[in-house]
Amino acid sequence: MMIKPEAVAAGQVGRILAMAETNGFTIVELKTLRMDRELAERFYEVHRERPFFADLVRYMTSGPVVGVRVRREDAVRRMRELVGATDPAEAACGTIRFLYGTNLSQNAVHASDSPENALRELDLIFGGSIEG
Ligand code: CMP
């Protein structure tokens with residue numbers, strides 16, 4: 001998971017991490033970083049051809065983000081449930097985006113959409129895997 005710039009700026013990091021822990025995720029690694037354009041473009045490379053790609057990269061490089069490595073059985077699916085729909089206006093009550101998202105772009109957090117993408121994204125942010 002990645003906590004996006006507007007949620008970091010609004011001081012919602014602790015509340016979002018607490019929601020992950022309350023919902024059974026173990027936080028394994030955390031990193032606050034300011035993504036540069038190259039990293040943001042690689043992170044979101046599956047969206048490279050989408051019309052919103054340039055705005056997405058501009059937004060994700062606009063301030064610090066927090067990368068979050070979590071552990072839990074079936075983590076990708078369950079994290080997507082906890083995070084809610086991409087558009088906060090459509091996110092179910094009680095989800096992270098319902099509570100902390102602002103709009104489709106400023107939607108508080110990113111959650112990996114498949115185990116393969118999770119590994120790729122974790123590698124980009126943290127570099128390699130860790131044991132334990
Ligand atoms: P995220 O889960 O980080 O993955 C890609 C992001 O692109 C998505 O959340 C949205 O914040 C952002 N985005 C902006 N515009 C759109 C759009 N029209 N459709 C889907 N995602 C969008």
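Before the first selection, a word on names: helices (H or I, at least four residues) and strands (E, at least two) are DSSP runs, numbered from the N terminus. What you have on screen is a predicted model, and residues are numbered from 1 along each chain as its sequence is written.

Begin by selecting Ala-108, which sits in the loop between helix H6 (96-100) and E4. Its phi is positive, about 70 degrees, although the residue is not a glycine. Is Ala-108 buried or exposed? With a relative accessibility of 0%, Ala-108 counts as buried, because buried means under 20% relative accessible area.

**The sheet**

Next, colour the strands and follow them across the sheet, which is open and made of four strands in the order E2-E3-E1-E4, with antiparallel pairing. The edges are formed by strand E2 (26-33) and strand E4 (109-110), each of which pairs on one side only. Now zoom in on strand E1 (residues 2-3), which runs antiparallel to E4 and is joined to that strand by two bridges. If you select Ile-3, you will find Val-109 of E4 standing opposite.

**The ligand and its surroundings**

Now select the ligand and display the residues around it, which are Lys-4, Tyr-44, His-47, Phe-52, Leu-56, Thr-86, Arg-97, Leu-104, Ser-105, Asn-107 and His-110. Sorted by type, this shell consists of four nonpolar, five polar and two charged residues. For Tyr-44, a polar side-chain atom lies 2.6 Å from an oxygen atom of the ligand; for Lys-4, the distance from a polar side-chain atom to a ligand oxygen is 2.8 Å; and for Arg-97, a polar side-chain atom is found 3.1 Å from an oxygen atom of the ligand. How much of the ligand does the protein cover? On its own the ligand has 460 Å² of accessible area, and the protein covers 79% of that.

Side chains of opposite charge can pair when their charged atoms come close. In this model the count comes to six salt bridges, and the following selections visit some of them.

Start with Glu-41 and Arg-37, a salt bridge whose closest N and O atoms are 3.0 Å apart. Because the two residues are four apart in helix H3 (residues 37-43), about one helical turn separates them.

Then select Glu-45 and Arg-120, whose side chains meet in a salt bridge of 3.6 Å, N to O. Glu-45 lies in the loop between H3 and helix H4 (53-60), while Arg-120 belongs to helix H7 (residues 115-126), so this pair ties together parts that are 75 residues apart in sequence. Glu-45 is partly exposed, at 38% relative accessibility, and Arg-120 is also partly exposed, at 23%.

Move on to helix H4, where Arg-58 and Asp-55 lie three residues apart, about one turn of the helix. These two form a salt bridge, with the closest N and O atoms 2.7 Å apart. Arg-58 counts as exposed, with 53% relative accessibility, and Asp-55 is partly exposed, with a relative accessible area of 47%.

**A network, and a positive phi**

Select Asp-74, Arg-77 and Glu-81 together, as these residues are linked in a network of salt bridges. Asp-74 is partly exposed, and its relative accessible area is 38%.

**Last stop: Pro-51**

Finally, return to the loop between H3 and H4 and select Pro-51, which has its place there. Pro-51 counts as exposed, at 79% relative accessibility. To end the tour, draw a distance between the C-alpha atoms of Pro-51 and Leu-122: these residues are 71 apart along the chain, and the two atoms are separated by 25 Å.

Note on methods:
This is a predicted model: local features need pLDDT of at least 70, side-chain atom pairs count only at pLDDT 80 or more; totals for chains, interfaces and linings use all residues. Side-chain values use heavy atoms; hydrogens and water are left out. A residue is near a molecule or strand if one of its heavy atoms lies within 4 Å of it. A polar contact is a pair of N or O atoms within 3.5 Å; within protein, one must be able to donate a hydrogen and the other to accept it, and residues adjacent in sequence count only if both atoms are side-chain atoms. Accessible areas come from the Shrake-Rupley method with a 1.4 Å probe; for residues, only the protein chains shown count as cover. Ala, Val, Leu, Ile, Met, Phe, Trp, Tyr, Cys and Pro count as nonpolar, Asp, Glu, Lys and Arg as charged, and the others, Gly among them, as polar. Two strands pair if DSSP finds at least two bridges between them. A salt bridge is a side-chain nitrogen of Lys or Arg within 4 Å of a carboxyl oxygen of Asp or Glu. Buried means under 20% relative accessible area, exposed over 50%, partly exposed in between (1.4 Å probe, protein chains only).
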